[in-house]
Amino acid sequence: MLSSSTASSLRLHQPTKPHRRRLPPPPPASLQFHSTTACRHLPAVRARRSRAAGGTTIRAIDAAQPFDYESRAAGLLEERQRLKIAIVGFGNFGQFLARTFARQGHTLLAHSRSDYSSVAASLGASYFQDPHDLCECHPDVVLLATSILSAEAVLRTLPLHRLRRNTLFVDVLSVKEFPRNLLLGSLPQDFDVICTHPMFGPESARDGWDGLPFVFDKVRVGDSPARRARAETFLNIFEREGCRMVEMPCADHDAHAAETQFLTHTVGRMLATLDLRPTPIDTKGYETLLRLVDNTCSDSFDLYNGLFMYNKNSTDLLNRLESAMDSVKKRLFDGLHEVLRKQLFEGKALPPTTATRSNADVVRKQLLLEGKPPSSSSTPTPNNTTVHHK
């Protein structure tokens with residue numbers, strides 16, 4: 001045993017620094033959002049330090065800042081609402097959509113037969129010349145934005161086995177029954193399909209999408225909450241821009257589009273062949289026709305040709321349009337023939353002076369139509385023949 005004096009000399013010294021106080025555990029989940037709101041505005045206490053013998057003594061510490069669970073939850077929600085979208089067909093319309101997708105914070109991948117790598121870089125999109133490289137990035141959504149005529153051939157080049165088994169495919173073609181049947185027949189059963197048609201383009205939506213119609217049909221969407229949420233997130237892109245959301249079966253869309261779109265393009269293409277130009281006396285109606293030519297002819301002829309070939313309603317509408325033109329021409333010529341018939345045949349029974357006056361009107365009208373000013377040298381005779389005095 002150690003003596004009391006020895007034990008006194010061996011007594012251990014207690015540390016001079018106080019123990020660090022442990023912070024309390026975070027509040028339960030049910031109280032996290034309420035507690036952070038109350039604590040967020042507490043001012044921080046600056047640490048004061050004073051020198052003491054042998055070191056620094058902490059007199060006060062910064063107030064413990066609570067974890068902002070509300071902001072963290074909002075960030076996670078926003079992150080879940082961002083999609084990785086692969087745009088297949090990065091031409092004029094694909095780039096037009098990509099600008100809005102990028103502005104909303106979605107991750108963009110792009111693929112096209114032409115090299116648009118510089119355009120993709122300017123939009124913050126990754127460009128892939130090889131479709132295998134594109135599919136290996138496992139996009140959430142594959143957006144088919146090709147021309148109608150090349151859609152089937154482009155779809156066949158995609159290595160679908162490299163995609164996730166529940167990838168969402170969306171098309172934005174101007175016809176709907178054709179891509180619906182194409183996607184359902186070409187894609188695996190586990191893939192989701194939404195057929196859409198933004199009823200606007202770079203020209204008509206240059207000032208924004210607010211109020212413009214966006215047609216969609218959820219052809220096949222899986223029953224899991226994640227797949228339904230992904231479909232709604234994609235459609236929400238257009239809803240956030242103010243589009244008028246129109247859910248409609250593909251067959252109904254094509255029936256309406258034959259009139260609203262194919263007819264419009266047909267009239268615009270017909271007017272373009274007339275080589276119309278602005279004049280010093282343009283009316284509002286004529287200015288509308290000139291704008292129609294610009295809006296329709298700015299699109300490729302492949303688009304117009306696709307509207308005809310891949311919408312079964314277009315042939316019937318074209319026949320109706322031709323019949324309507326013949327009907328209008330018939331009314332005009334029938335009216336003209338009726339006037340001439342009365343002048344040439346019924347005028348025989350009239351008195352000579354009346355017949356002469358009537359035939360003179362016919363001659364004057366014909367000269368005016370031919371661009372020749374009527375003169376006194378051409379006078380009709382009572383027997384309905386015109387004598388030219390030399």
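Q: Which residues form one aromatic cluster here?
A: In this predicted model, one aromatic cluster is made up of Phe93, Phe96, Phe101, Phe200, Trp209, Phe214, Phe216, Phe234 and Phe238.

Q: How many aromatic pairs does a search of the whole structure find?
A: The search finds 16 aromatic pairs. One of them joins phenylalanine 178 and tyrosine 310, whose ring centres are 4.4 Å apart with 40° between the planes, a tilted arrangement.

Q: Where do phenylalanine 178 and tyrosine 310 lie?
A: Phenylalanine 178 belongs to helix H8 (residues 177–186), while tyrosine 310 is in the loop between helix H12 (301–309) and H13, so the pair ties together parts that are 132 residues apart in sequence.

Q: And what about phenylalanine 214 and phenylalanine 216: what are the distance between centres and the angle of the planes?
A: The centres are 6.4 Å apart and the planes meet at 25°, so this pair is stacked. Phenylalanine 214 is buried, at 0% relative accessible area, and phenylalanine 216 is buried as well, at 8%.

Q: Changing topic: is valine 142 buried or exposed?
A: Valine 142 counts as buried because its relative accessibility is 4%, and buried means under 20%. Its place is in strand E6 (residues 141–144).

Q: Which residues does valine 142 touch?
A: Leaving aside residues up to four places away in sequence, valine 142 touches Ala86, Val88, Leu158, Leu163, Thr167, Leu168, Phe169 and Val170.

Q: Lastly, which residues are buried in H13?
A: Ser314, Leu317 and Gln343 are buried there.

Terms used:
Residues numbered from 1 in each chain as written. Predicted model: local features only at pLDDT ≥ 70, side-chain atom pairs only at ≥ 80, totals over all residues. Heavy atoms only, no water. Helix = DSSP H or I, 4+ residues; strand = E, 2+ residues; numbered from the N terminus. Buried < 20%, exposed > 50% of the residue type's maximum accessible area, 1.4 Å probe, protein only. Contact = heavy atoms within 4.5 Å. Phe/Tyr/Trp six-rings, centres within 6.5 Å; stacked < 30°, edge-to-face > 60°.
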